[in-house]
Amino acid sequence: MDFEAINRQISLVESCIDHTIPVQPNEKLYVGVDLGTAYIVVVVLNNEKQPVACAMEFSQVIKDGLVVDYIGATRIVRKLVNELNQRLGRELTHTAIAVPPGTGSKDCKTHSYVVESAGLEVTAVLDEPTAANGVLGLQNGVIVDIGGGTTGLSVLDKGQVVYVADEPTGGTHLTLVLAGNYGISFSEGEELKKQNDRHDEILPIVRPVIQKMATIVNSHIHGRQISNIHLVGGTCCLTGMEKIMEKEIGIPVYKPANPFLVTPLGIALNC
Ligand code: ATP
């Protein structure tokens, strides 16, 4: 796996949050909408599948992969799409979306309706770790996607997804532990957690939750021949969590420089 190329691609998405890259009037665009528990992210790629724009908003309209506030979710997606339309001088028309592994067909439809209500036609519905593999290109191993609400995983064998799972426990649970520990509100805990220079301080406090995440992964890969684990999802931005996971699971654990944007980019690549 070419980690340098992957990190370069993700840092391009990162830079597109503030800097829009111009596109031609008739150029084909690829769009990915990630409806997450903590963030809704929209990534746009040009006809060469290079990132040109990205917009996101913190939201609590999805819970563990289920849309709990349909109107709110539609409003945020519409706002992000309008913002991107203006920035690009183009109207986005199609998108791929992703849902946590194992999401039922009715819930998948609800995700599609949210995005369609915001004016985009849904071309593909993927599961999140599979979308992430659009970026990683893993042939054999496990992709673990730890977002705001859940820990999801995909086992790959010769490039094919052979097993998926998704269980509650994600970044929200880390934030709740921090809020309780420091006597601060949830949103203050959320801000604290995202200060990378305080990760050394907070890692020991949230270690038991990370160990729980490792237990989830362990229970699903038990009895399989697994040689590597790759972490994606915003929660894996936590510095040093890969070492805790590796110690608990006993298999080499890798993560890209910015695991947060891997899945949104992978969704767009599958548009
Ligand atoms: P899910 O996949 O569970 O539906 P989601 O798609 O919203 O949720 P992501 O966007 O992958 O999940 O990640 C969001 C989580 O990542 C939040 O809990 C957020 O606090 C956390 N997060 C984002 N940046 C950082 C950071 N720098 N350090 C630690 N955690 C972070």
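Colleague: What share of the contacts in the protein with a separation of 6 or more comes from residues 24 or more positions apart?

Modeller: Those residues account for 63% of them, where a contact means heavy atoms within 4.5 Å. Bear in mind that this is a predicted model, in which local features need pLDDT of at least 70 and side-chain atom pairs count only at pLDDT 80 or more, while totals for chains, interfaces and linings use all residues. Residues are numbered from 1 along each chain as its sequence is written, and side-chain values use heavy atoms, with hydrogens and water left out.

Colleague: Thanks! How many helices and strands are there in the protein?

Modeller: The protein has nine helices and 12 strands. These are DSSP runs numbered from the N terminus, helices being H or I of at least four residues and strands E of at least two.

Colleague: And what does the C-alpha trace span along its principal axes?

Modeller: About 50 × 45 × 35 Å.

Colleague: What about the inside, which residues have the most contacts in the largest nonpolar core?

Modeller: I210, I229, M241 and M245, in a core of 29 residues. A nonpolar core is a set of buried Ala, Val, Leu, Ile, Met, Phe, Trp, Tyr and Cys residues joined through side-chain atoms within 4.5 Å. Buried means under 20% relative accessible area, exposed over 50%, and partly exposed in between, with a 1.4 Å probe and protein chains only.

Colleague: Which helix gives the most to this core?

Modeller: That is α7, with nine residues.

Colleague: I'm curious about I229. What does I229 touch, leaving out residues up to four places away in sequence?

Modeller: I229 touches V142, V144, V217, I221, I249, I251, P252, V253 and Y254. There is also a second, separate core of 28 residues, with V77, L80, L84 and A118 among them.

Colleague: Switching to the sheet, what is the strand order?

Modeller: The open sheet of five strands runs β10-β9-β8-β11-β12, with mixed pairing. Two strands pair if DSSP finds at least two bridges between them.

Colleague: Why is one side of β10 and of β12 left without a neighbour in the sheet?

Modeller: β10 (160–168) and β12 (253–254) stand at the edges with a single partner strand each, so one side of each has no neighbour in the sheet.

Colleague: How many bridges join β9 to β10?

Modeller: Eight, and the two strands run antiparallel. Y163 in β10 is the bridge partner of V155.

Colleague: Last one: what fraction of the 271 residues is buried?

Modeller: Buried residues make up 53% of them.
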